[in-house]
Amino acid sequence: MSPTTQGLLVLVVTILLLFSGVPVAFGLGAISIAFLLFFQGLDAMRVVAETFFSGLNDFTLVSIPMFVMMGAAIGSSPAGKDLYEALDRWLYRLPGGLVISNLGACAIFAALTGSSPACCAAIGRMGIPEMRRRGYPDDVATGSICAGGTLGILIPPSVTFILYGIATETSIGRLFLAGVMPGLMLTGFFILWTLFIIWKRGFRSHAPDFRYTWKQKFMSIPKIAPFIAIIIGVMWVLYGGVATPSEAAGVGAALCALLAIVIYRMWTAGSWWMILRDTMRESVMILMIIAAAVLFGYMLTSLYLTQTLAQAIADMHLNKWALMAMINVFLLVCGFFIPPAAIILMTSPILMPIITAAGFDPVWFGVILTINMEVGLIHPPVGLNIYIVNSIAPDVPVTKVMWGTIPYVLCMFLAIIVLCIFPEIATWLPDKLMGAAHGVR
Amino acid sequence: MDTFIRGVRWISRVTGVVAALLIALAVIVICEMVFERYVLNHTTIWQIDVVTYSIIAATFVGSPYVLLHRGHVNVDILPLHLSPRPRYWLAMFTIVLSMAFCVVLFIVTSLYWHEAYTSNWKSDTVWRARLWIPLAAMPIGTGLLVLQYLAELLSVATGRAPPFGITAERRLA
C-alpha cells in the first residue's frame with residue numbers, strides 16, 4: 001500500500017472514530033496502535049510504552065498543570081465578580097461603559113486564567129444579567145460574553161500556546177508575547193462592534209441613576225490588584241529569562257492559590273480540594289491527549305505519512321497565501337468539531353514543516369491557529385462557550401445566542417486578515433523584548 | 001454487580017485524590033527548587049525529576065477518576081443527535097474500543113516496567129533516579145482504567161447509567 005493510500009486510510013478512520021464519541025486521548029491511542037500493528041506487526045508494540053512515557057517526560061509540560069492551577073485558584077474564588085465590579089465602578093458613566101467593562105473584564109480575566117470556559121462563566125455570571133437588566137438586547141448580551149471568553153486562549157498565559165510551543169518546539173515565552181497585541185486588537189474589534197450594534201438598534205446605554213463614590217471606586221481595587229501583580233510578575237520572570245515557564249508558573253500557581261485562600265477566606269478543606277480537583281481533572285485530560293498525540297505522531301512519521309503529505313503539498317507549488325487560506329479553512333472546519341488541544345497536538349507537527357517551508361513565521365502562525373481555535377469555541381455545532389452562556393442565561397434560546405456570536409466570528413476573521421497583512425502586530429512585541437531569533441525554545 | 005461497580009468507583013475516587021496530591025507535591029517542590037536555585041544559589045539535583053515524574057504519575061493514576069466524571073474530552077455531536085437505540089450501541093462500541101486500548105497499554109507498560117525493574121534502569125539525569133518507580137504509575141493507572149471501563153460497560157449494559165452520560169434533557173435533536 002502506498003503512503004498516500006495509507007494516509008487517506010488513517011485520515012478517514014481518525015475522523016470516523018473521533019466522531020463516534022470515543023474520548024479523544026483513547027481514540028488517538030487506539031488508532032495509532034491499530035495502524036502500527038497492521039502495517040509493522042507485533043514488533044512495533046515494543047516502542048508504545050516508551051513513546052507514551054517519553055511523550056510526557058518533559059519538564060516544560062509541567063507548566064500546563066501549573067497554569068491550569070493558577071486559573072483554577074482564581075476561577076474558584078469570587079475574583080471574577082470583583083474584577084467585573086471594579087471595572088464597572090470605574091467605567092459605568094462612559095457611553096457604552098458596560099460593554100467596555102464586560103469585554104475588558106473578559107480580557108483581564110483571560111490574562112489571569114488562560115481558560116476560555118472559565119472566563120466566559122466568571123464574567124458572564126455578572127455581565128449577562130447586568131446587561132439585560134439595563135436593556136441590552138439578549139443576543140448582544142450573550143454573544144459578546146461568548147466572544148469575550150475566547151480571549152482566554154489568546155491573551156497570555158494560554159494553555160493553547162504552551163501546547164503549540166511544545167508540539168512545534170517554538171519558544172513559549174515568544175508565543176505568549178505574540179498573543180498580547182492581537183488579543184488587545186481583537187478585544188477592540190469586539191468592543192467596537194458591540195457599541196456599533198447597540199447604537200444602530202437605537203439603544204442608548206444609560207448609566208444607572210446612582211453614582212459610585214470615589215471611596216467605592218478605590219475600595220474595588222485591593223482585592224484584584226494582587227492577582228494582577230502575580231500575573232505580571234510571572235510574565236516578567238518568563239520574558240526576562242530569569243526562570244523557565246514551569247518554574248514561573250509553579251510559583252505563580254502557589255501564590256495564586258495562597259492569595260485566593262487568604263483574600264477570600266477559603267479556609268475549608270473543601271475549597272482547597274476544589275482547586276486541586278479542578279486542576280487535576282483538566283491537566284490529566286490534556287496530558288493524556290498529549291501522550292496519545294505523541295504516539296499518533298510517531299505512527300504518522302514511522303509510516304512516512306507526515307513526510308508524504310508535506311511533499312505532496314510542496315509539489316503542488318501553491319501560492320503561499322492560497323496555502324495559508326487552505327490551512328485556515330482546514331483548521332476552522334476541525335475547530336467546529338474537535339477540541340483545540342486535540343487539533344493543535346494532532347495537526348501542528350504535520351503543518352509545521354509546510355508552514356516553515358512556505359516562509360511563514362511559526363510564532364505568527366501560532367497566533368493565527370489560536371484565533372482559528374477561538375472561532376470553534378463560539379461556532380456551532382460544538383461551540384463550548386455557547387453552552388456555558390446558555391447555562392448562565394437559560395431563558396435565552398440557544399439559537400439566539402448562536403446568532404449573537406456570528407458577528408464576533410466575523411471580527412475574528414477580520415483579525416486573521418489584518419494579521420496576514422500586518423504580521424508585525426504579532427511579531428513586533430516578542431522581537432522587541434526577546435530579540436529577533438525564531439524557533440528556539 | 002452493584003458491589004463491583006461501587007468498589008471500582010471508590011478506587012477511582014481514591015486514585016483521584018492521590019493524583020491531586022501528586023500535583024500539589026509538584027507545586028511545593030517547584031517552589032522549593034526556585035528558592036534553592038534563585039535565592040540560595042544552590043545547584044538543584046532531584047527536584048526536576050521529582051516534579052516531572054509526579055506529573056506523569058498524576059496523569060496515569062488520575063485518569064480513572066477523570067473517566068469516572070466523564071472528563072476525558074470527546075466529540076459528542078453524533079451521540080447527542082442519535083436516537084436511544086443506536087446511541088446505546090455506539091456507546092458500547094466506544095467503551096469496548098477504549099477498553100481494548102487500555103488493555104494493550106496495560107500489557108505493554110507492564111512489560112516495560114518489568115524490564116526497567118529487572119535491568120535496574122536509571123534516568124539519564126544527575127540524580128540517576130530508579131526508573132521503575134515512576135514507570136510503575138503507567139501499569140497501575142492503565143490497569144485501573146480497564147477496571148473503570150469494565151464498570152462503565154456493565155453500568156451502560158444494565159441500564160444503570162445512560163450511554164455517553166446523555167440524559168433525555170441533554171439531547172439536542
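A contact means heavy atoms within 4.5 Å of each other. Keep that in mind as we walk through this predicted model.

**Before you start**

Residues are numbered from 1 along each chain as its sequence is written, while chains are lettered from A and ligands numbered from 1 in the order in which they are written. Because the model is predicted, local features need pLDDT of at least 70 and side-chain atom pairs count only at pLDDT 80 or more, whereas totals for chains, interfaces and linings use all residues; side-chain values use heavy atoms, with hydrogens and water left out.

**Stop 1**

Of the contacts in chain A with a separation of 6 or more, 81% are between residues 24 or more positions apart.

What radius of gyration does chain A have? The value is 22 Å, which agrees with the value near 22 Å for a compact globule of 441 residues. This radius is taken over C-alpha atoms, and the globule rule is 2.2 Å times the number of residues to the power 0.38.

Chain A exposes about 16,900 Å², and carbon and sulfur atoms supply 70% of it. Such areas come from the Shrake-Rupley method with a 1.4 Å probe; for residues, only the protein chains shown count as cover. Of the 441 residues, 60% count as buried. Buried means under 20% relative accessible area, exposed over 50%, and partly exposed in between (1.4 Å probe, protein chains only).

Colour by charge next. Chain A has 23 positive and 20 negative side chains, with the centres of the two sets 13 Å apart. Lys and Arg count as positive and Asp and Glu as negative, while His and the chain ends are not counted. Each charge is placed at NZ of Lys, CZ of Arg, CG of Asp or CD of Glu.

**Stop 2**

Most residues other than glycine have a negative phi, and most peptide bonds are trans. Let's visit some exceptions.

Select P156(A) and P157(A): a cis peptide bond joins them, with omega about -5 degrees. P157(A) sits in the loop between α8 (138–150) and α9 (159–168) of chain A.

Move to Y304(A), whose phi is positive, near 60 degrees. Look for Y304(A) in the loop between α14 (269–302) and α15 (305–315) of chain A. Is Y304(A) buried or exposed? Its relative accessibility is 54%, so Y304(A) counts as exposed.

Over in chain B, R128(B) also has a positive phi, near 50 degrees. R128(B) belongs to the loop between α4 (84–118) and α5 (132–135) of chain B, and is partly exposed at 48% relative accessible area.

**Stop 1: salt bridges**

A salt bridge is a side-chain nitrogen of Lys or Arg within 4 Å of a carboxyl oxygen of Asp or Glu.

Begin with D138(A) and R132(A), whose bridge has an N to O distance of 2.9 Å. D138(A) is partly exposed at 22%, and R132(A) is partly exposed at 24%.

Next, select D139(A) and R201(A), which form a salt bridge with their closest N and O atoms 2.9 Å apart. This pair links distant parts of the chain, 62 residues apart: D139(A) is in helix α8, and R201(A) is in the loop between α10 (172–200) and α11 (214–219) of chain A. D139(A) is buried at 15%, whereas R201(A) is partly exposed at 43%.

Which residue of chain B meets E247(A) in a salt bridge? The partner is R37(B), at 2.8 Å from N to O. The pair crosses between chains, from helix α13 (residues 245–263) of chain A to helix α1 (residues 2–39) of chain B. E247(A) is buried, at 1% relative accessibility, and R37(B) is partly exposed at 25%.

**Stop 2: a buried isoleucine**

Finish at I33(A), in helix α2 (residues 24–40) of chain A. I33(A) counts as buried, with 5% relative accessibility. Leaving out residues up to four places away in sequence, I33(A) touches M45(A), V48(A), L295(A), F101(B) and V104(B). Draw a C-alpha to C-alpha line from I33(A) to M45(A): the two are 12 residues apart in sequence and 7.6 Å apart in space.

Key
Helix = DSSP H or I, 4+ residues; strand = E, 2+ residues; numbered from the N terminus.
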